[in-house]
Protein chains: 2
Amino acid sequence: MKQPVRIAVTGAAGNISYSLLFKIAAGEMLGTDQPVILQLVEIPQAMDKLRGVAMELEDCSFPLVHGITLHDNPFDGFKGIHYAMLVGARPRSKGMERADLLEANAAIFSEQGKALNDVANRDVKALVIGNPANTNCLILSRNAPDLDPSQFCAMTRLDHNRSLGILGNKLGVNPSDIDGVTVWGNHSPTMYPDLHNATALGESVIDQIDESWYKTEFTPRIQKRGAEIIEWRGLSSAASAAQAGLDHMRDWALGSEGKIVSMGIISDGSYGVAKGIYYSFPCICEFGSYQIVKDLEVNEYGQSMMKKTEQELLEEKAAVDHLLPADTAESRENLRTSTDGQTQFDNGVDAASAYYKADRIC
Amino acid sequence: MKQPVRIAVTGAAGNISYSLLFKIAAGEMLGTDQPVILQLVEIPQAMDKLRGVAMELEDCSFPLVHGITLHDNPFDGFKGIHYAMLVGARPRSKGMERADLLEANAAIFSEQGKALNDVANRDVKALVIGNPANTNCLILSRNAPDLDPSQFCAMTRLDHNRSLGILGNKLGVNPSDIDGVTVWGNHSPTMYPDLHNATALGESVIDQIDESWYKTEFTPRIQKRGAEIIEWRGLSSAASAAQAGLDHMRDWALGSEGKIVSMGIISDGSYGVAKGIYYSFPCICEFGSYQIVKDLEVNEYGQSMMKKTEQELLEEKAAVDHLLPADTAESRENLRTSTDGQTQFDNGVDAASAYYKADRIC
């Protein structure tokens with residue numbers, strides 16, 4: 001039996017987490033041979049509700065769940081974690097300006113970045129699901145100077161999965177037979193779902209679809225799918241967002257089996273995208289790391305679409321720039337070489353004892 | 001690749017189904033090598049919401065989902081199905097008497113029984129999750145005279161799983177190391193969670209726990225766990241109920257690997273329980289069937305507990321007796337021997353075409 005890994009989930013009493021946690025606990029994310037300790041984080045006002053969620057997890061008698069702990073702050077909740085699923089964020093309330101929204105979330109993700117920096121396992125992988133995910137991820141990363149920016153991701157996998165599902169249904173093929181789809185840029189209506197390098201059962205997709213369907217139906221549908229779901233279901237996407245988060249983390253940890261997946265990652269300047277923002281690129285995952293797939297062809301239309309979403313991310317960054325700590329890329333390099341990669345926390349949790357330790361659901 | 005199986009879920013736009021469907025679609029129920037066609041059933045007023053759920057399923061690009069169809073009545077929704085998860089039921093509204101509740105549900109489950117009888121695959125397995133589950137199951141079965149009463153179950157697995165989870169936490173062992181727990185009787189506060197034959201890591205459980213804890217804390221906690229969840233979470237158990245339904249169906253279909261599971265099944269008179277009611281017994285599943293585990297010792301306390309919950313089920317039966325068709329056990333025997341076990345519906349759905357057939361999400 002493998003040693004359990006520690007997974008923190010924020011916004012753990014919310015709707016997305018309610019779909020996510022019971023899938024992680026069943027082994028959908030890291031495999032049915034990987035025990036987990038769930039470290040659930042909420043705001044103080046939601047702790048009662050969170051306890052109810054933990055009780056339901058207990059009621060499922062999941063063999064893989066070797067412990068559950070509940071926390072009202074990230075400095076406790078992130079101790080020793082290997083994975084962080086950052087679901088909780090401040091939603092836009094009525095009359096709230098975009099700048100207010102960015103600032104409100106900046107406060108949350110600054111604190112969480114500091115907490116990751118201080119108490120997480122040194123190899124932690126953190127995925128930001130809460131919106132605005134890309135800029136939240138930037139804030140998170142900049143507040144964790146001891147960790148590498150590549151340890152942070154913003155989730156664009158939901159847009160990627162939506163593209164596969166809707167395209168599969170259109171073409172009449174199984175989504176798993178499609179490869180090469182990329183969602184570029186921001187997880188927002190400016191995102192660019194690019195089908196130009198996509199294949200279905202090995203055949204070029206772009207040759208099989210009508211250009212006007214692609215540009216005037218498919219693209220806006222992916223960009224605004226969230227609103228379409230709300231319109232029909234009366235509630236925002238929760239289960240599909242949870243599934244996307246799980247898919248992102250599973251592929252990042254266990255590999256994408258040679259397939260391209262879209263991930264919001266720190267730009268290294270590839271494809272001419274400005275450095276220093278979290279932008280969704282086509283990636284392949286292996287051995288617990290991602291790599292950007294280079295040399296994909298991007299036509300003129302694509303370049304203009306990519307610029308537009310890049311521009312939005314640069315504007316979001318400008319709006320929170322005064323809140324960001326200095327970019328310590330250089331000092332980070334020094335730090336990284338002087339540490340030995342070990343965390344100060346005990347990650348070798350004894351499986352049997354963790355399950356029944358007193359704070360399991362306290 | 002296996003042929004897809006058809007799974008109907010009723011109440012498919014509700015909270016339990018929202019947890020259940022995305023787990024079935026990911027392969028948690030029947031395995032990650034078993035494609036599925038989801039036939040989602042709702043009341044006409046919930047069809048818009050249901051469409052939103054189907055869109056989210058599409059948005060997950062699940063490789064195993066080869067089709068989704070939406071239905072506002074069971075005669076369409078149950079066509080050719082191999083599995084029925086009957087989640088939808090009429091909840092008790094304010095001022096509703098117990099008899100009213102039983103009658104309102106009798107109407108729903110009578111119709112669904114007739115539909116199963118008329119249009120489901122002849123080997124269909126139907127699990128009633130909607131409460132009052134045991135008596136709803138009786139009504140369902142009695143309205144499906146061409147199917148065997150052993151093809152119907154009422155879910156008591158949630159109570160079983162709760163017992164394992166809470167006991168595991170108490171003893172400090174993994175729930176998967178516990179065996180021999182039985183929840184007897186009705187899925188209601190009269191249920192009897194019996195630990196007298198249980199072992200944890202091979203050691204007798206009853207020797208390790210205090211009798212007064214067992215009788216005055218554990219037992220009422222299991223019996224009223226639903227209310228406890230509502231108190232903390234502010235909402236009724238959905239994810240844990242979904243997981244229990246999935247566990248029940250998985251074990252029934254694929255086997256319980258020699259372990260005892262609690263299932264609400266037609267009483268054959270075992271343990272002196274009155275025949276003709278759906279009562280939860282200790283079962284072992286193999287080869288797609290269940291068998292009652294006989295010869296477990298039941299002490300005097302246990303016998304009185306078992307009688308009490310049996311009595312409640314007999315009273316529930318009496319309250320709906322005037323609505324039940326005659327018990328056609330004898331005529332059913334004749335019917336069974338004269339049919340060839342084949343359904344009139346096409347179950348060999350072509351995997352590729354089913355995915356993109358026009359009614360996939362219509």
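**Ground rules.** I am working from a predicted model, where local features need pLDDT of at least 70, side-chain atom pairs count only at pLDDT 80 or more, and totals for chains, interfaces and linings use all residues. Residues are numbered from 1 along each chain as its sequence is written, chains are lettered from A and ligands numbered from 1 in the order written, and side-chain values use heavy atoms, with hydrogens and water left out.

**Domains of chain A.** I took the bounds from the domain assignment (automatic or from a database): domain 1 is 5-155 + 325-349 and domain 2 is 157-318. Their centres, over C-alpha atoms, are 23 Å apart. In the contact (heavy atoms within 4.5 Å) I found 33 residues from domain 1 and 34 residues from domain 2. The buried area (accessible area, 1.4 Å probe, that two parts lose on being put together, summed over both) is about 2,700 Å², with 66% from carbon and sulfur atoms. K125(A), N134(A) and M155(A) supply 25% of what domain 1 buries there, more than any other three residues.

**Helix α6 of chain A.** I used DSSP runs for helices (H or I, at least four residues), numbered from the N terminus. Helix α6 runs over residues 157-171 and reaches 21 Å from first C-alpha to last, close to the 21 Å expected at 1.5 Å a residue; that expectation is 1.5 Å times one less than the number of residues. I checked cover next: 14 of the 15 residues in α6(A) are buried (under 20% relative accessible area; exposed is over 50%, partly exposed in between; 1.4 Å probe, protein chains only). Just after the helix, G172(A) takes a positive phi of about 75°.

Which residue of chain B does R162(A) pair with? It is D59(B), with the closest N and O atoms 3.4 Å apart. The pair goes from α6 of chain A to helix α2 (residues 47-59) of chain B. R162(A) is buried at 4% relative accessible area, and D59(B) is buried at 0%.

Methods. Helices (H or I, at least four residues) and strands (E, at least two) are DSSP runs, numbered from the N terminus. A salt bridge is a side-chain nitrogen of Lys or Arg within 4 Å of a carboxyl oxygen of Asp or Glu.
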